[in-house]
Amino acid sequence: MVSIAVLASGSGTNLQSIIDALEAGSIDGKVDLVISDKADAYAITRAKKHGIETGLVEKKNGEKREAYDERLIEVLKAHDIELVVLAGFMRILSPLFLRAFPMRVLNIHPSLLPSFPGLDVHRRAIEAGARFSGCTVHFVDEGVDTGPIIIQAVVPILEDDNPKILADRILEEEHRIYPEAVRLYCEGRLTVKGGRVTVKDALRTTGVLENPPVRGVKDR
Ligand code: GRF
């Protein structure tokens with residue numbers, strides 16, 4: 001059984017999707033700890049509702065990133081955590097942290113990486129005129145949103161979209177792919193080589209999407 005800690009700063013809808021999937025029983029893992037850096041994060045309330053232990057690790061005034069991460073590592077190690085899942089955790093982890101959990105930290109990002117890393121991604125995707133966006137679960141490395149990609153879901157960007165509408169459309173897919181990535185990890189099906197992830201026994205997809213759709217000869 002893989003012991004999982006989820007780190008979250010906000011509402012925790014992704015945390016919820018993972019808790020729900022694990023409680024449904026088909027994944028050999030358990031969320032043993034939820035940590036937030038924000039006292040008012042709703043993610044903490046969600047965890048408590050499910051009887052999951054919670055921790056608050058707030059940044060102290062003037063504290064350096066490494067010092068904060070050291071405190072975080074201590075809590076995680078004390079709980080014997082194997083997998084760290086970032087779910088809207090609004091801090092960048094230091095190399096020190098990543099060395100403590102090598103290829104054992106997952107993150108979800110609301111764009112089709114490597115496009116649109118960083119912040120304000122929905123507005124940027126719309127303004128770039130992209131026809132598709134989506135979400136990406138990846139292993140965290142020392143860059144910002146650059147680690148090996150595990151799974152992605154694609155959604156169309158529609159002409160009357162605004163960032164909020166697009167974010168909601170993408171969030172629904174986040175809730176599907178994040179539990180799936182956790183499942184693949186817990187089943188030991190992920191291998192990373194040369195920056196690429198291999199998923200053992202993955203189904204092959206051959207679906208092609210266009211936006212706007214290309215009409216068939218009969219529709220013209
Ligand atoms: C999600 O959009 C996720 O992609 C990003 O932060 C947001 C977290 O939402 N990293 P929630 O707290 O899981 O509801």
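Let's begin with Asp37, which touches Ala8, Ser9, Leu56, Val57, Glu58, Tyr68, Phe89 and Arg91, leaving out residues up to four places away in sequence; contact here means heavy atoms within 4.5 Å. This is a predicted model, in which local features need pLDDT of at least 70 and side-chain atom pairs count only at pLDDT 80 or more, while totals for chains, interfaces and linings use all residues. Residues are numbered from 1 along each chain as its sequence is written, and side-chain values use heavy atoms, with hydrogens and water left out.

Asp37 sits in the loop between β2 (29-36) and α2 (42-49); helices (H or I, at least four residues) and strands (E, at least two) are DSSP runs numbered from the N terminus. With a relative accessible area of 7%, Asp37 is buried, where buried means under 20%, exposed over 50% and partly exposed in between (1.4 Å probe, protein chains only). The side chains of Asp37 and Ser9 are joined by a polar contact of 2.8 Å. A polar contact is a pair of N or O atoms within 3.5 Å; within protein, one must be able to donate a hydrogen and the other to accept it, and residues adjacent in sequence count only if both atoms are side-chain atoms.

Now to the ligand. Which residues are around the ligand? They are Ser11, Gly12, Thr13, Asn14, Gly88, Ile108, Pro110 and Glu174, each with a heavy atom within 4 Å of the molecule. A polar side-chain atom of Thr13 lies 2.5 Å from a ligand oxygen, and an N or O atom in the side chain of Glu174 is 2.8 Å from an oxygen atom of the ligand. Ile108 takes part through its backbone, with an N or O atom 3.1 Å from a ligand nitrogen.

Pro110, one of the residues around the ligand, is also in contact with His122. Beyond four places in sequence, His122 also meets Pro163, Leu166, Ala167 and Ile170. His122 lies in helix α5 (residues 121-127) and counts as buried at 15% relative accessibility.

Finally, look at the largest nonpolar core, which has 42 residues; Ile4, Val85 and Ile150 touch the most other members. Helix α6 (residues 163-186) gives the most to this core, with nine residues. A nonpolar core is a set of buried Ala, Val, Leu, Ile, Met, Phe, Trp, Tyr and Cys residues joined through side-chain atoms within 4.5 Å.
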